[in-house]
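Thanks for coming, everyone. I'll go through one model today, starting with strands and ending with rings. Please have a look at the screen.

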Amino acid sequence: MARFTHLAPARDEPAIRRGGIRPTTIAEGSGVFAMPILPSFFASHQWLRELKRQHAGPFVAIDFVIPDGEEVLASHYSRERGRYAANEAVGVIMRAEDPRGYEVIVPRKIEVKDLRRTRRVPQVVGWR
């Protein structure tokens with residue numbers, strides 16, 4: 001099982017625990033934005049800074065798993081998204097010289113059964 005984390009406003013945490021993570025509309029349809037849980041805390045939570053610029057309030061990390069072979073979209077945010085098996089997307093980001101700016105999109109809702117834990121995260125992580 002591939003492990004990912006999704007950053008969400010803390011106020012949404014109770015709803016996510018009850019109903020899972022709903023997809024957001026994107027150019028390719030809809031999906032849940034996530035990052036693999038990497039050895040580097042900074043790399044896994046890099047989008048926090050950008051999210052805080054767009055949304056008020058503290059954020060939480062929602063960790064979840066999906067099957068290794070499930071298809072996801074992944075790329076650096078400035079490049080065209082490619083289709084990968086979930087475990088391949090994790091490998092692409094882990095092997096990147098600089099993982100900043102990468103993103104994974106799971107093209108479906110994340111069900112409650114896939115959730116593993118919710119974590120409070122420092123609110124000062126991020127990159128530009």
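First, a term: two strands pair if DSSP finds at least two bridges between them. Helices (H or I, at least four residues) and strands (E, at least two) are DSSP runs, numbered from the N terminus.

Now the ground rules. This is a predicted model, so local features need pLDDT of at least 70 and side-chain atom pairs count only at pLDDT 80 or more, while totals for chains, interfaces and linings use all residues. Residues are numbered from 1 along each chain as its sequence is written, and side-chain values use heavy atoms, with hydrogens and water left out.

Start with strand 5. Strand 6, residues 82-85, is joined to strand 5 by 4 bridges, and the two run antiparallel. Leu73 stands opposite Arg83 in strand 6. The two strands form a hairpin, with 5 residues between them. Strand 7 is also antiparallel to strand 5, again with 4 bridges. There, Ala74 faces Val104 as its opposite residue. Is strand 5 enclosed or open? Of its 6 residues, 5 are buried, so strand 5 is largely enclosed by the rest of the structure. Buried means under 20% relative accessible area, exposed over 50%, partly exposed in between (1.4 Å probe, protein chains only).

Next, the core. A nonpolar core is a set of buried Ala, Val, Leu, Ile, Met, Phe, Trp, Tyr and Cys residues joined through side-chain atoms within 4.5 Å. The largest one has 26 residues. Which of them touch the most other members? Phe4, Ile21, Phe64, Ile66 and Ile110. Elements giving two or more residues include strand 1 (2-9), strand 4 (59-66) and helix 4 (86-95). A second, separate core has 5 residues, among them Leu48 and Val121.

Now the rings. A pair of aromatic rings is described by the distance of the centres and the angle of the planes. Rings of Phe, Tyr and Trp (its six-membered ring) pair if their centres lie within 6.5 Å; planes under 30 degrees apart count as stacked, over 60 as edge-to-face and the rest as tilted. The whole structure has 2 such pairs. Phe4 and Phe64 are stacked, at 5.9 Å centre to centre and 25 degrees between the planes. They sit 60 residues apart, in strand 1 and strand 4. Phe4 is buried at 0% relative accessible area. Phe64 is buried at 1%. The other pair is Trp47 and Tyr77: centres 5.9 Å apart, planes at 90 degrees, so edge-to-face. Tyr77 is partly exposed, at 47%.
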